[in-house]
Amino acid sequence: MIKAVAGGGGRGMREVTDPKFLTEAYEQASSEAGKAFGESAVYVEKLLLQPRHIEVQILGDGAGAVLDFGERDCSIQRRHQKLVEVAPSPWLRDALRARIIAAAQHLARGVNYAGLGTFEFLVSGDEFWFMEANPRVQVEHTVTEQVTGIDLVVAQLRVADGARLDDLGLQAPVASRGIAIQVRVNAETLDANGSPVPSAGTLRRFDMPAGPGVRVDTYGYRGYRTSPRYDSLLAKVIVHGANLKQATVRMGAALEECAIDGVATNLDLLHAIVSSSVFVSDPWDTGFIAQHLASLRGHRRPQVFADEASSEEQGNAAAKLPAGAEPVLAPCPGVVLRVDVESGSVVGPGATVAVIEAMKIEHFVQVTNGLRVQGVAVQVGDVVAAGEVLVYGSLVDGIAPVTNAAQPQSSERGWAPEVAEIERRRTCAMAMGGPEKVARQHREGKLDARARITALADAGSFSEIGALAGFAAYDDPSGQADFTAANFVAGTARLDGRKVVLGVDDFTLRAGSGDAAIHAKQIFAERYAQEMRLPMVRLLDGASGGGSVKMASDAGFTYIPVNPGWDAVVDNLSLVPVVSAALGPAVGLGAARMVMSHLSVMVEGIGQLFTAGPPVVLGGTGERLTKEELGGVSIHASNGSIERIVASEQAAFDTIRRFLSYLPSSVFELAPVIATDDPSERREHSLLSAVPRNSRHSYDLQQILAAIFDQGSVFTYADYGGGTITALARLAGHPVGVLATDPAQGITMSVEGALAVTRLVDLCETFHLPIVSLTDQGGMTIGLAAERAATIRHGARAIAAVYQARVPQAEVIIRRVYGVGGAGIINRHRASRSWAWPSGDWGSLPSKGGIEAAFRAQIAASSDPEAELARLAALMDAVTSPFRTAEHFGVQDIIDPRESRPLLCDWVRDAYRLLPEQIGRPSFGTRP
């Protein structure tokens, strides 16, 4: 069952019995909830088919005291909305009743409940499930009042005023007498499928029952005009009896006394329910109405009082029209504002005969054929129902169509002036900071904001959001505003056919500073990406909407800073791919948004990243630095702030597009699998000699990557990892994350390498990419500098990321597996597939240093220490043979290196078969 978080009255609910309809049901429930409650969030609970719906009324005083007023049965419903409530339930066995009430009391005490509340349960057989708690007075509270004699509204108000239950004189157990039934009288009927059909109009008659044991709660009265915009409930009729049979007879009589004219009601349906033989003989469940729909819809109740409808009102029915008369009907419920014809008029096709106002919209009712009017059935001010006769007459041929029939504002000039103003302002926005500022941007070697969009996005795909947001000065006597656009361009676009949200800084307007920004626009872009689950791409150039001294000067006050839209910025990291590119200085808020990304790209020579610019740094620290010295490539190439350094803006755009191609649009989808001409069974002969036998010799990692993964698919992720290489790649078209080592740059894991591993693993876990480790890991970097940098803490954090990841992991051991770093490069406590090449070498630490440490005394005591060391080394060479490890299943398999690609391509298909189970948000929030 999908249910609205803020729901009620059956709105925002959908049953799902077949998983293939889950997405459609989710969207329908969410949409309905948003329209009904202003909150589209929904949740999912166990679906019980035709359960009983039992509620327990609770009052708590917030001081630990909790009292129940018994239960009521609310099972008779239509479309999950209650129609009949009975207190207490006549069908609950005492033992089950006691268990349900005890559960409600336990829940209330657990939260130290204060006030009146309803704890709701679904019951099937002898089992029950908690459904929800409603912390308020509900429509059905009156049926409980009738059996307890306690005014629950007064009790709630006194508790809210600070009273304790003892002060109210209420003690457990609350006495209950007889049985009460409540029915809801609604302005609606049921169609053949059991769905409600609302009715609207004016209550020409509204007579409710009275007498001993009968209570009515209502707001209706004769002359009241109902509205289809609100709940169709007109009244509650509550009766009390000594037992179910007596209460049922009394309810039937009460419903027969009801007389309502002017709108259609469910009085016949309610009477059919309580007069049904099964109502007093068998337990009800939520399928009661559906099971008996045909007989219930065909039932008509006896009426005690005669119909008071006047002859004038009845004369308006189509059945009373003269023989052969052609009626003109009201298209919707509403009020007659104007009648344009009279008896004897002759009008042509297209002529307006009346105007009806409904929900503040004027509806011009026109004839489609020539008509000689014989009679007018309404007058100005009448409330009419949909389908009611307005005028009638006889058809007349040969009358020319009316071309100037009255229409709303038909004589006005239309909206051309406003459309022209829209275009003028859009032209102003396209001009950005003006020709001089744009030319200056180009002289600095940078594209302008609009040119960047053109260079990045698929041709013609950009759809701008908020182009008219900006600053207008109305000093021109002509009234035409001098308009300057905001310095942030937002919209959606397609990158290689995939839709994304773009947020682009415009440096030509106040260098991207906050005094030229419309923060709401930037916030909306982030939230739109969040709401629509689209990747977020930020092209940063300036302060990106951060504050400025000028803002404070103009405003005349300062403020406690809030990062605009930061809730969405943070949430998006766990929801959609986020990419940021520094195409100029990214300062302050811009710098923060830069690193709040899954991939950050900087263009060498024009991009910089710093928290505060050179003038502020000079004033704060006395350091006199250029932008490049403070935050250029030389600073950020290896510190972990920027994943990729590129040579040009076009290279940045190519990098962004390629990165996104490996990822889904959101965590609720799987990464796209593409067709490839690269055979899965490809066996590269070069792998047989890719790793030298001499462990001191390096090898070409790129050659190995190209031989194993799909041709041309390896995309380097973090540039800063040193010898620790992270990448995205494909196996048989399936995107995967890759961990590897480039021995030419070092075989141990540094602080930066640990950060690269953490970032890649978190990326793969967030977007459900399997991870492949080509392991040659010499452990953590050692030495004084490494200890000062807290390498072990950063390395342990990387290992924790590996162990927290749920995605499938596989490993090909290329050479070394040493120490903590080697042990944690994949989660070896999982049944992850692992293969080793014959070049594999593993242990707690390298044998060279290990032998000297372990046998130091023995070597020193030898007459020939070098010979003894050589003898011990030869002995260890035999012990450390990978075949000995394989004999004890310490390694799963030793393989011909040429088998690596076929084996991994087979594994990745299995991995992708499991990934649908993990779709959704990561188990822990993604951090920058």
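1. Let's start with one cysteine in this predicted model. The sulfur of C764 sits 17 Å from the closest cysteine sulfur, which belongs to C905, so the two are too far apart for a bond. To see why, recall that a disulfide here needs a pair of cysteine sulfur atoms within 2.5 Å. C764 is also buried, with a relative accessible area of 0%.

2. Now for another cysteine. Is C428 buried or partly exposed? With a relative accessible area of 22%, C428 counts as partly exposed, because buried is kept for values under 20%.

3. How many disulfides turn up in the whole structure? The search finds zero. As a reminder, a disulfide is a covalent bond between the sulfur atoms of two cysteines.

4. Next, the overall build. The protein has 31 helices and 40 strands. Among contacts with a separation of 6 or more, 70% join residues 24 or more positions apart.

5. The C-alpha atoms fill a box of roughly 125 × 80 × 60 Å along the principal axes. The radius of gyration is 38 Å, whereas a compact globule of 928 residues would have one near 30 Å.

6. What about the surface? Of the 928 residues, 49% count as buried. The protein exposes about 42,800 Å², and carbon and sulfur atoms supply 53% of that area.

7. Finally, the charges. There are 86 positive and 104 negative side chains. The centres of these two sets lie 2 Å apart.

How values were computed. Residues are numbered from 1 along each chain as its sequence is written. Side-chain values use heavy atoms; hydrogens and water are left out. Helices (H or I, at least four residues) and strands (E, at least two) are DSSP runs, numbered from the N terminus. The radius of gyration is taken over C-alpha atoms; the globule rule is 2.2 Å times the number of residues to the power 0.38. Buried means under 20% relative accessible area, exposed over 50%, partly exposed in between (1.4 Å probe, protein chains only). Contact means heavy atoms within 4.5 Å. Accessible areas come from the Shrake-Rupley method with a 1.4 Å probe; for residues, only the protein chains shown count as cover. Lys and Arg count as positive and Asp and Glu as negative; His and the chain ends are not counted. The place of a charge is taken as NZ of Lys, CZ of Arg, CG of Asp or CD of Glu.
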